[in-house]
Amino acid sequence: MSKQAWDNYWASGMHSCFPKNEITDTELKQVWNNSIKQLALKDHAQLLELGCGNGFLTEIIIASLTSIRHILNMMDYSQVQLDKVLASAQYETRVFQNTTIEQMPFNDASMDLVLANFSFEYADPDKAIQQVSRVLSKGGQFLFNIHAKNSFVSAISTNVCSGLQLMFKNKYLFANINEIIRLKQQLTDISHKTEIIAISRSVIDELKSMDIASNGGIGNSGVIEDILPIINTSNSMVSFSRLEHIWESYKLYQMRIQQQLEVGYDSDSIKILVKAFNQSAIDVSVKPIYIDGKLFSYMLQGVKRSN
Ligand SMILES: C[S@@+](CC[C@H](N)C(=O)[O-])C[C@H]1O[C@@H](n2cnc3c(N)ncnc32)[C@H](O)[C@@H]1O
């Protein structure tokens, strides 16, 4: 089911996981640029990006690794759209869709560098560690940026999740918006208009009270911007199918960020993760990443032991 949530997200043309926060994307890009630049890579290196999505990290890899000839392999279990990003690649690129991190179609010891921006942690940890260890060559490295359980992003996501949960539990909201559409589609006389305004007000009031109850979760979800044009009395171009589409896409959105909350690591669970990597012949160091002075994620850097 979460695959469907990602398919839907990438099909909508999104480029990153944090489209509503430009500062996050800009600073994260900087973090990745610095991390990739300090890597020592051999010529003709084989690179593998896990869970590449629509290429937020792919674009950074392509732009920052121009002087080292390499083959860039990208995989994701979703239907991703990388054509735009790959158009600027100087070296060979290979895309593997419908491929899981738990069962990767790459030979043992075939990769010199494995990278992942918020994707490694979505897979089953034991299988993911086993696969990463299997495909890495001796001395091969990885860099994984993973969700932090207590980050400011998680706090926002928690509120958005509870706001959307309240919205889906509210029996009247969807019915009221449907009723507005029905009235708008009839020949509008003045009494219709008054009725539409009254129902629209109650929809806004409902949304406001759910926003307060979820600490701003409704406001941060973007749902208000989607619903306002539908209930606006001067907008006659509304349809039931548009509302259905909005509702379905917010259900998938909630599922997606709910999953993000579940896969986050804290300093204790990271210790267990590092130990599991060590048992798979990979030494790992962990660096917390701060954005705007607040905890954002953890960057894991690993090296496959040579002996
Ligand atoms: C949070 S997104 C990150 C996408 C991209 N790396 C970025 O930074 O924009 C997580 C990605 O991992 C993929 N994914 C989740 N679980 C996966 C699995 N078990 N195997 C392969 N891909 C997976 C999803 O389809 C999604 O594209």
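Me: Two strands pair if DSSP finds at least two bridges between them. With that in hand, which residue takes a positive phi in the hairpin of S6 and S7?
Reply: That's Asp292, with a phi near 60 degrees. The hairpin has 2 residues between its strands. Keep in mind that this is a predicted model.

Me: Thanks! How many bridges do S6 and S7 have?
Reply: There are 10 bridges between strand S6 (residues 282-291) and S7, and the pairing is antiparallel. As an example, Ile282 has Lys304 in S7 as its bridge partner.

Me: And how many bridges join S5 to S7?
Reply: 7 bridges, linking strand S5 (residues 136-147) with strand S7 (residues 294-304). Those two strands run antiparallel, and Phe142 sits opposite Gly302 in S7.

Me: Zooming out, what's the strand order in the sheet?
Reply: Reading across, it goes S3-S2-S1-S4-S5-S7-S6, an open sheet of 7 strands with mixed pairing.

Me: Why is one side of S3 and of S6 left without a neighbour?
Reply: Strand S3 (93-96) and S6 are the edge strands, and each has a single partner strand, so one side of each has no neighbour in the sheet. On average, neighbouring strands are turned by 15 degrees against each other, ignoring direction.

Me: Parallel or antiparallel for S2 and S3?
Reply: Parallel: strand S2 (residues 70-75) pairs with S3 over 4 bridges. Met75 is opposite Phe96 in S3.

Me: What does H5 touch on the sheet?
Reply: Helix H5 (residues 125-135) packs against strand S1 (45-50), strand S4 (111-117), S5, S6 and S7. Its direction makes about 145 degrees with that of S5.

Me: New topic: how is the protein divided into domains?
Reply: Domain 1 covers 2-149 + 264-304, and domain 2 covers 152-260. Their C-alpha centres are 35 Å apart. As for contacts, 15 residues of domain 1 meet 10 residues of domain 2.

Me: Which element gives the largest share of the domain 1 side?
Reply: H1, with 6 residues. Both helix H1 (2-11) and S7 supply at least two residues of that side.

Me: At what angle do H6 and H11 cross?
Reply: Roughly 140 degrees, with the axes of helix H6 (residues 152-169) and helix H11 (residues 240-263) coming within 9 Å. The crossing is left-handed. On the H6 side, the contacting residues include Val160, Cys161 and Leu164, and among those they meet in H11 are Tyr250, Ile257 and Leu261. By class, the H6 and H11 contact has 7 nonpolar, 7 polar and 1 charged residues.

Me: Last one: how many residues surround the ligand?
Reply: 19 residues, the closest being Trp6, Gly51, Gly53, Phe56 and Tyr122. That shell is made up of 10 nonpolar, 7 polar and 2 charged residues.

How values were computed. Residues numbered from 1 in each chain as written. Predicted model: local features only at pLDDT ≥ 70, side-chain atom pairs only at ≥ 80, totals over all residues. Near = placed C-beta within 6 Å. Nonpolar A, V, L, I, M, F, W, Y, C, P; charged D, E, K, R; others polar. Axes fitted to C-alpha atoms, helices over the stretch in contact; angles between N-to-C directions. Left-handed = near helix turned anticlockwise from the far one by under 90°. Contact = placed C-beta atoms within 7 Å. Domains from an automatic or database assignment.
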